[in-house]
Amino acid sequence: MEVIIVDSPEQVANRAARMVSEFIQKKSNAVLGLATGSTPIALYRELIAAHQCGETSFRGVTSFNLDEYIGLAPENSQSYRYFMEEHLFSHVDIAAKNTFLPSCKRDDNPRKVGRAYEEKILASGGIDLQILGIGSNGHIGFNEPSSSLASRTRVKTLTRETVDANSRLFDDGDFQPHLAMTMGIATILEARHILLLATGENKAAAIRDAIEGPLCAHCPASALQMHRRAVMVLDRAAASALEETDYYQWVESQHVSLVEEYGHYYDL
Ligand code: PGA
């Protein structure tokens, strides 16, 4: 696991955007795993800016989102499809037909939807780069604590903590779903590269457990310890509970000089 600690949320977004842009430049038909939530919004803003100044094209890119609420139509402003259109898709040149979310309508069979999503990912060649946020309870996607580390795309019941954390995004009286379809932890671990972003002190305990805690279902993000190419980009507040900060910064400075000497960050 590579841990990159920067000063501010803006620098997290900037660093991540450079990594994603470089990735797409190297592999123009990349398959990206995308995340919703507050954290990736600044990353998407930077990617849109990079696209608008001609640096980054999404023309050949295919995307799979981590999760989607059950019971919200795509045109509902709280759905993750709507979020992605608003914060990324409608501003870049990605082909609409190549953007996928695990949408499960009320009368769909969720098992079939989950299986079909996994098959679609496989048929697209697998996810090259998965972008992740992290919940303050350590969830990745909507894999809440106690999710099987071997889980695949399926329905999850959200914890009260997640429902409360996300209630800030819903107006009074709006229907707020407690169920979502999410990629599983095993699905996420199959991505070739993982890039997790975290900002703010409310993520510090989850980040500590994910990076330095034991591998356990209680902190789903700790499963990333099993991944060979997981990079965490953190601001100082999110990194504030880590014990080995000096070591991570030392490794990072060494890594930067290696990249300068030998070239690209990603070994595709
Ligand atoms: P946030 O959500 O970016 O809104 O904090 C992250 C997550 O729940 O995965």
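Two residues count as being in contact when they have heavy atoms within 4.5 Å of each other. With that in hand, welcome to this predicted model. Of the contacts in the chain with a separation of 6 or more, 79% are made by residues 24 or more positions apart.

**The whole chain**

The chain holds 8 helices and 10 strands. A compact globule of 268 residues would have a radius of gyration near 18 Å, and the chain agrees, because its own value is 18 Å. Here are some overall values:

| Property of the chain | Value |
|---|---|
| Span of the C-alpha trace along the principal axes | about 55 × 40 × 35 Å |
| Accessible surface | about 12600 Å² |
| Distance between the centres of the positive and negative side chains | 8 Å |

Carbon and sulfur atoms own 50% of that accessible surface. The charged set comprises 25 positive and 35 negative side chains, while buried residues make up 53% of the chain.

In general, an α-helix has 3.6 residues a turn, so residues three or four places apart point the same way.

**Around L224**

Where does L224 lie? L224 sits in the loop between helix 7 (204–212) and strand 10 (230–235). L224 counts as buried because its relative accessible area is 0%, the cut-off being under 20%. Although 223 residues separate L224 from M1 in sequence, their C-alpha atoms are 7.7 Å apart in space. Beyond its neighbours within four places in sequence, L224 touches several residues by the contact criterion, among them M1, L132, I140, I188 and M232.

Methods: Residues numbered from 1 in each chain as written. Predicted model: local features only at pLDDT ≥ 70, side-chain atom pairs only at ≥ 80, totals over all residues. Heavy atoms only, no water. Helix = DSSP H or I, 4+ residues; strand = E, 2+ residues; numbered from the N terminus. Rg over C-alpha atoms; globule rule 2.2 N^0.38 Å. Buried < 20%, exposed > 50% of the residue type's maximum accessible area, 1.4 Å probe, protein only. Areas by Shrake-Rupley, 256 points an atom, 1.4 Å probe, with all protein chains shown as cover. Lys, Arg positive; Asp, Glu negative; His and termini not counted. Charge placed at Lys NZ, Arg CZ, Asp CG, Glu CD.
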